[in-house]
Amino acid sequence: RSTLARSSAASDVYKRQSYIDAGNLVPDSVTNNMVRSRLAEADAQDGFLLDGYPRNIEQVHELDTILAENDQEIDLVLLLIADNDELVERLLGRAAEQGRTDDNEEVIRHRLEVYEKETAPLLSIYRERGLIREVNGLGEINEVTDRLLAALK
């Protein structure tokens with residue numbers, strides 16, 4: 001069983017990377033299974049941080065189901081605010097530093113378009129629930145980190 005689980009996990013990582021390299025969202029079935037599995041682990045029972053999930057309205061509903069099954073709920077949604085041109089520059093810098101194949105300007109701009117179409121609409125759900133805190137994402141890493149930590153308090 002553990003060999004099958006490892007094989008399945010490796011397959012999910014490979015699939016996930018092929019979508020990311022093209023600037024597309026990983027299919028819900030893959031992402032939802034990864035989140036469900038991770039949140040079932042013991043160290044997530046007293047709290048967790050999700051980065052980049054959920055990314056669409058269907059994933060919001062799936063996350064609600066997962067959390068309800070575990071008698072958990074979301075306390076807060078942090079929304080980092082940054083200009084698209086600044087995001088492109090940062091990700092191009094990351095590409096230069098880390099040699100990432102998914103960080104070229106065409107893919108980055110496509111990813112931003114996908115965000116506007118798929119992810120931005122779910123913000124209204126979390127705004128209605130009173131969960132969103134906006135954080136200025138511009139500035140030096142330590143400045144943004146300080147703002148994020150302050151928003152979590």
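1. Is Arg36 buried, partly exposed or exposed? Arg36 counts as partly exposed, at 28% relative accessibility. Please keep in mind that this is a predicted model.

2. Arg36 has a partner: its side chain forms a salt bridge with that of Glu62, at 2.6 Å from N to O. Glu62 sits in helix H3 (residues 57-69) and Arg36 in helix H2 (residues 28-39), so the bridge ties together parts that are 26 residues apart in sequence. Glu62 is partly exposed too, with a relative accessible area of 23%.

3. Helix H3 also holds Asp64, which is paired with Arg129 across 65 residues. The N to O distance in this salt bridge is 2.7 Å. Arg129 lies in the loop between helix H6 (123-128) and strand E2 (132-136). For Asp64 the relative accessibility is 24%, which counts as partly exposed; Arg129 is partly exposed at 39%.

4. Next, have a look at Asp85 and Arg109, whose side chains meet in a salt bridge of 3.2 Å, N to O. Asp85 has a relative accessible area of 47% and is partly exposed, and Arg109 is partly exposed at 32%.

5. One group goes beyond a simple pair: Arg94, Arg100, Asp103 and Arg111 are linked in a network of salt bridges.

6. For the overall tally, a search of the whole structure finds twelve salt bridges. Among them are Glu62 with Arg36 and Asp64 with Arg129.

Terms used: Residues are numbered from 1 along each chain as its sequence is written. This is a predicted model: local features need pLDDT of at least 70, side-chain atom pairs count only at pLDDT 80 or more; totals for chains, interfaces and linings use all residues. Side-chain values use heavy atoms; hydrogens and water are left out. A salt bridge is a side-chain nitrogen of Lys or Arg within 4 Å of a carboxyl oxygen of Asp or Glu. Helices (H or I, at least four residues) and strands (E, at least two) are DSSP runs, numbered from the N terminus. Buried means under 20% relative accessible area, exposed over 50%, partly exposed in between (1.4 Å probe, protein chains only).
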